[in-house]
Amino acid sequence: PDDILLSCANGQNLKHEMALEAGLLYQLFNKEPDTIRIFGSWDYLSHQVIASPFKPVDYMDKMDVFGYVFISGYQTIARYLVIELKKDYAFLEDIEQVMKYVDWVKDEYAYGDYSMITAFLLAYDFKKDVVQYAKEAGLRKYIIGRRPPQSVTWANLNLVRYRFDKKMHYQL
């Protein structure tokens with residue numbers, strides 16, 4: 001994606017969200033060490049995955065990046081990945097957006113188990129109120145087990161800043 005990224009560069013940020021998406025997926029697919037350290041290694045990755053009930057395509061919600069990893073040695077999914085991308089600053093509603101996708105993945109793929117989901121909001125920067133809001137709105141309480149049931153809190157929303165570097169492409 002070198003040509004795409006270079007043509008979309010504006011100093012240390014990118015002018016187009018699709019360029020950010022292409023660059024991130026390239027780094028994840030190629031197991032770039034710093035990217036894998038932050039986001040983890042995933043067996044399956046896709047982009048623009050539907051995250052809403054069926055409706056006309058123009059109105060469907062789509063996750064920027066979706067993925068999963070298998071249990072080692074099996075074709076059983078162990079964890080799911082949700083990434084929302086913002087080329088500039090993230091806002092409060094972006095926290096709500098990524099959490100809507102987390103809830104969708106929990107219901108549609110993870111059998112109601114939030115612990116199977118790792119979520120990220122990747123942006124050029126975050127204002128202090130967004131970081132604080134993520135600590136509050138980025139939590140989900142749910143019950144596991146039956147006898148006895150146990151109350152658990154999911155807190156796996158991660159905020160990541162990016163910087164474009166013409167030589168390295170990204171610094172996360």
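**View 1. Tyr44 is partly exposed, with a relative accessibility of 33%.** Partly exposed here lies between buried (under 20% relative accessible area) and exposed (over 50%), with a 1.4 Å probe and protein chains only. The model is predicted: local features need pLDDT of at least 70, side-chain atom pairs count only at pLDDT 80 or more, and totals for chains, interfaces and linings use all residues. Residues are numbered from 1 along each chain as its sequence is written, and side-chain values use heavy atoms, with hydrogens and water left out.

**View 2. Eleven aromatic pairs are counted in the model.** Rings of Phe, Tyr and Trp (its six-membered ring) pair if their centres lie within 6.5 Å; planes under 30 degrees apart are stacked, over 60 edge-to-face, and the rest tilted. Tyr44 and Tyr68 form a stacked pair, 4.7 Å centre to centre with 15 degrees between the planes. Tyr44 belongs to strand E3 (residues 44–50) and Tyr68 to strand E4 (residues 62–70), 24 residues apart; strands (E, at least two residues) and helices (H or I, at least four) are DSSP runs numbered from the N terminus. Tyr68 is buried at 17% relative accessible area.

**View 3. Tyr80 and Tyr109 form a tilted pair.** The centres are 5.8 Å apart and the planes 40 degrees apart. Tyr80 is in strand E5 (residues 77–90), and Tyr109 is in the loop between helix H4 (92–108) and strand E6 (117–126). Tyr80 is buried at 4% relative accessibility, whereas Tyr109 is partly exposed at 30%.

**View 4. Ring pairs link Tyr44, Phe66, Tyr68, Phe70, Tyr80 and Tyr109 into a cluster.**
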